[in-house]
Amino acid sequence: MQPRNMSMSGVVDLAAVKAAQEAKAKAEQARAQAAREGGAGAVSPADLVIDVDEATFERDVLQRSAEVPVVIDFWAEWCQPCKQLSPVLERLAVEYNGRFLLAKIDVDANQLLMQQFGVQGIPAVFAVVAGQALPLFQGAAGEEQIRQTLDQLVQVAEERFGLTGLTVAPDAEAGAQTAQQVPVGPYEALLNAASQALDAGDLGGAVQAYKNVLADDPANPEAKLGLAQAELLQRVQDLDPQRVRKEAAEKPTDVQAQITAADLDLVGGHVEDAFSRLIDTVRRTAGEDRDAVRLRLLELFEVVGAEDPRVTGARRALARALF
């Protein structure tokens, strides 16, 4: 049983990640400000549609798919249906405002990519999410059907992999409106109080304090990280580690036993073990059980940090397990 005045010191990753995430939070705020000012923190609408070939596929599709769903339009100059479909996809890429990236591949110049995706005819549209290829549709399709397919893709990317897309630079007028809508705080005192409560072991107080910030500023990165940490510590504070690990070892198909053991793994600094445990459980489960495991894994990703290479690798493994 963990004492009530448990300290963040000695909790591998949680303490270290906290400092790293504070720096990350400042960087994200700087990128957001740059986006509002039309700077390098955001892509332009023109960057949402790109031409891809075999040389750039890994960089522009596979790597980018870890941050945004990439929709692939296989086309050719001689293909008449392609000339009807491609403009619709390009227009929707801009309309969806960074929720997906459209990659156009000329099959005549990229036969190898066409073969690797098993394209039998064009137009053919695929998606790549967290490194995994998904067929969307082949042949001409109506705009309503395309929208429904894209909506499902965006939802899956957000709910299963936490991919929220790209930030698109607004025009000057929209940027001014956005700046007016940004919550102004002040949050420094609330965040400091929440952090002190967390370090002092007042987990309930810390949880509520972070929720208070997020109620006013849902995207606040420091509050999101702090809440994930506090809720994790709250879940494990009264656990008997030996009993939890014994049950997890004896009941490999017990979803809750594996979820609880993964929490302990992470608090103990065994990050990769926690991720592997839950990914293996995803492979063995379905329906609501699988969804519960997936959601807990996404919560643990939030604790460790999206830019941590262990999270990046685990996202790819999760994608393989789900699809």
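I will begin at the end of helix 3, which is followed by asparagine 97, a residue with a positive phi, near 55°; helices here are DSSP runs of H or I with at least four residues, strands are runs of E with at least two, and both are numbered from the N terminus. Please keep in mind that this is a predicted model, in which local features need pLDDT of at least 70 and side-chain atom pairs count only at pLDDT 80 or more, while totals for chains, interfaces and linings use all residues. Residues are numbered from 1 along each chain as its sequence is written, and side-chain values use heavy atoms, with hydrogens and water left out.

Helix 3 itself covers residues 80–95, and its 16 residues reach 24 Å from the first C-alpha to the last, close to the 22 Å expected at 1.5 Å a residue, where the expected span is 1.5 Å times one less than the number of residues. Its buried residues are Cys82, Leu85, Ser86, Val88, Leu89, Leu92 and Ala93; buried means under 20% relative accessible area, exposed over 50%, and partly exposed in between, with a 1.4 Å probe and protein chains only. What covers these buried residues includes strand 1 (49–51), strand 2 (70–75), strand 3 (101–106), strand 4 (124–129), strand 5 (132–138) and helix 5 (143–161).

Turning to the rings, the structure holds six aromatic pairs, counted for Phe, Tyr and Trp (its six-membered ring) when the centres lie within 6.5 Å, with planes under 30 degrees apart taken as stacked, over 60 as edge-to-face and the rest as tilted. Phenylalanine 57 and phenylalanine 117 make an edge-to-face pair, at 5.8 Å centre to centre and 80° between the planes. This pair links distant parts of the chain, 60 residues apart, since phenylalanine 57 lies in helix 2 (residues 57–63) and phenylalanine 117 in the loop between helix 4 (111–116) and strand 4. Phenylalanine 57 counts as buried at 10% relative accessibility, and phenylalanine 117 is buried at 15%. Ring pairs also join Phe57, Phe74, Phe117 and Phe126 into a cluster.

Lastly, aspartate 265 sits in helix 11 (residues 255–267) and is buried, with a relative accessible area of 3%. Leaving aside residues up to four places away in sequence, aspartate 265 touches Arg245, His270, Val271, Asp273, Ala274 and Arg277, contact being heavy atoms within 4.5 Å. With arginine 277, the side chain of aspartate 265 makes a polar contact of 3.0 Å, that is, a pair of N or O atoms within 3.5 Å, of which, within protein, one must be able to donate a hydrogen and the other to accept it, and residues adjacent in sequence count only if both atoms are side-chain atoms.
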